[in-house]
Every structure is written in structure tokens, then in C-alpha cells.
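Dear colleague,

Here is the structure I promised to pass on to you, with the sequence alongside. My notes on what was found follow below it, and I would be glad if you read them with the model open.

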Amino acid sequence: MKKAKWYFINSGPCSPSYNMAMDEALLDWHSEGLIPPVIRFYEWNPATLSIGYFQSVEKEIDMEAVKRLGLGFVRRPTGGRGVLHEHELTYSVIVKESYPSMPATVTEAYRVISEGLLLGFQHLGLDAYFSVPNTEEQKENLKKPKSAVCFDTPSWYELVVEGKKVAGSAQTRQKGVILQHGAILLDLDEDKLIQTFKFASEAVRDRVRKSLSQKAISINKIIPKPITIEECKTAFKKGFAEALDIELIEYQLTGEQQDYVKELEATRYANDEWNFKK
């Protein structure tokens, strides 16, 4: 039986506004039947703090610190909490909710897509597994994030190595299409990440900083030999292809498609009205 063909796009380092506009554009085109499902890899230039769709900038984010640290800033179309995109590979998966064998529930669809991540980590020689709550208390903790920082707590089917979170993902569903994207950490500057958030007191900030090092870890802290971004791409591209049983076809946007992304970028993700609306 022939494998389904999906597009594979390797965008490389892009601006924060372009990255989010590109993900939304791919969702739009796929919903209209113009392109097949897509796996996309990308990076960030400059290093960027992204926040979830529902987060409040005024209540949670220290924009002075964001500027002082020379970081980009963007609001994602997906939920979840704040992520520092610096030493990482970011992925996105765009696929219709009606895709064969794609579960209807958000949690189970998350698991199916994230199996590509699981295999990717295993291809790098890491003993990765899904975080699944075992007790009622753990389930309640997942419903009540302890802070605005993404890597402070694993979520359902988040990827964990040695008990610590190594990838953070978020999902949205629009126009009958699932967009899941997330960060695969090569390295993590915990101090820089913590500086960008507001806390009730310095004692709370210190507590979150300490808990972060206990709950999140980067690939290069647990692997004998540091890996490059290219090695990471190879492992996770293979992981997604195997997990979803698909053939990945390299694809580059046409000039017309690039114009669409740039228009979406200008009107939304590079626009203060979008980024600071909450």
C-alpha cells in the first residue's frame, strides 16, 4: 500500500512574525485543499519569547526585560504558555481533523502527532516517553499550570526524558485543520527565560527558577556528545515519517504564497494590536 505524501518545509531561521504567519498560511491552504498535510521545521531570528493566544501581556510579561535582552516577541495562534525560542528546533504539523486514523479528541490527536517527536528523541539515543498523569492530583495539576512559563510543567503526552520535559507543544483547530507546533530544546537558558516574566515577588521568581531546572531539561544536557541543529532535523524528520507512516516531499513556497505569508505577517503577527491585545 502506498504511503500518503505530505509536504516537508525546512524554513531555517525566520523572524517571529513570519514564523507564525507561515504556520497560519499553511493551515489556510490545507483547509482549502491547495496543499497536502505539512511537516515544517524552523528556527528563530532573533531569539524570541512567544506567548499563548490567551495569555495577558500586561499581567504576565516583563516587556522591559524582553527589550533589554534583545528578544523578539510574538503571540501565537495556539494556546499554552510562554516559550523562549533560542537554542531549539521548532516543528509544526498541519493536518485535517478528518485525516484517516486521526483521533477526534484533542488529547489523543496530540498523542498521535507527538509520536513523531517520541521516535525523533529515540533516534538521538534518548530514552524518551510520554508524560501521562497517574493520579487524580496529577490530573488536577495539569489543569492548573503553576506559572506562565511553558516548561514549568509537563502537559498530557508531553515528551519527557529522565522525568524532565524536553519538548513543549501547543495545538489549535481552525477551519477543520489541526495546527500543532512546539519547541524541541537543544539548550535552555533558564535565567533568561525567567527574566521575561512577571512574578508576585522575588521569592516566587526564585521558586519557579529552581523548579524549572528540576522539571525541564535540554537535549545537550543529557546526551554524551552535543548535537547540531542539522542532526536534530534528520532525527525528527525520520521520526515523523515513521510515526505517521508517510512520505515527506520537500517543498518551497511559490512567490504568490510568499506574498500571502507576508501580508498575513504585516496585518497580524507583526502588529501590536494582535501581540498586545490581552
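Which residues touch the most other members of the largest nonpolar core? Before answering, please keep in mind that this is a predicted model. The largest nonpolar core has 42 residues, and Ile39 and Phe121 are the ones that touch the most other members. The element that gives the most to this core is helix H4 (residues 106-123), which supplies seven residues. Once residues up to four places away in sequence are set aside, Phe121 touches Leu126, Ala128, Leu159, Val166, Ala167, Ile184, Ile219 and Phe236. Another core lies apart from this one, with 24 residues that include Met22, Leu253, Val261 and Tyr269.

The next point concerns a pair of helices. Helix H1 (residues 16-31) packs against helix H10 (residues 255-269) at an angle of about 120 degrees, and their axes are 8 Å apart. Because angles of 65 to 115 degrees count as roughly perpendicular and those over 145 as roughly antiparallel, H1 and H10 are described as oblique to each other, and their crossing is right-handed. On the H1 side the contact is made by Ser17, Tyr18, Met20, Ala21, Met22, Glu24, Ala25, Asp28 and Trp29, while H10 brings Gln257, Gln258, Tyr260, Val261, Leu264, Glu265, Arg268 and Tyr269. By class, the residues of this contact are ten nonpolar, three polar and four charged.

Helix H1 also holds Asn19, which counts as buried because its relative accessibility is 0%. Leaving out neighbours within four places in sequence, Asn19 is in contact with Cys14, Arg40, Tyr42, Glu43 and Trp44.

Finally, a few details of the backbone in the loops may be worth a look. The peptide bond that runs from Asn45 to Pro46 is cis, with omega near 5 degrees, and Pro46 is found in the loop between strand E2 (38-44) and strand E3 (48-51). Glu162, in the loop between strand E8 (158-161) and strand E9 (164-174), has a positive phi near 55 degrees although this residue is not a glycine, and at 61% relative accessibility Glu162 counts as exposed. Asp245, another residue other than glycine, also has a positive phi, near 55 degrees; Asp245 lies in the loop between helix H9 (229-244) and strand E11 (246-250) and is partly exposed, with a relative accessible area of 45%.

With best wishes

How values were computed: Residues are numbered from 1 along each chain as its sequence is written. This is a predicted model: local features need pLDDT of at least 70, side-chain atom pairs count only at pLDDT 80 or more; totals for chains, interfaces and linings use all residues. Side-chain values use heavy atoms; hydrogens and water are left out. A nonpolar core is a set of buried Ala, Val, Leu, Ile, Met, Phe, Trp, Tyr and Cys residues joined through side-chain atoms within 4.5 Å. Buried means under 20% relative accessible area, exposed over 50%, partly exposed in between (1.4 Å probe, protein chains only). Helices (H or I, at least four residues) and strands (E, at least two) are DSSP runs, numbered from the N terminus. Contact means heavy atoms within 4.5 Å. Axes are lines fitted to C-alpha atoms, for helices over the stretch in contact, and angles run from 0 to 180 degrees between N-to-C directions. Angles under 35 degrees count as roughly parallel, over 145 as roughly antiparallel, 65 to 115 as roughly perpendicular and the rest as oblique. A crossing is left-handed if the near helix is turned anticlockwise from the far one by less than a right angle, and right-handed if clockwise. Ala, Val, Leu, Ile, Met, Phe, Trp, Tyr, Cys and Pro count as nonpolar, Asp, Glu, Lys and Arg as charged, and the others, Gly among them, as polar.
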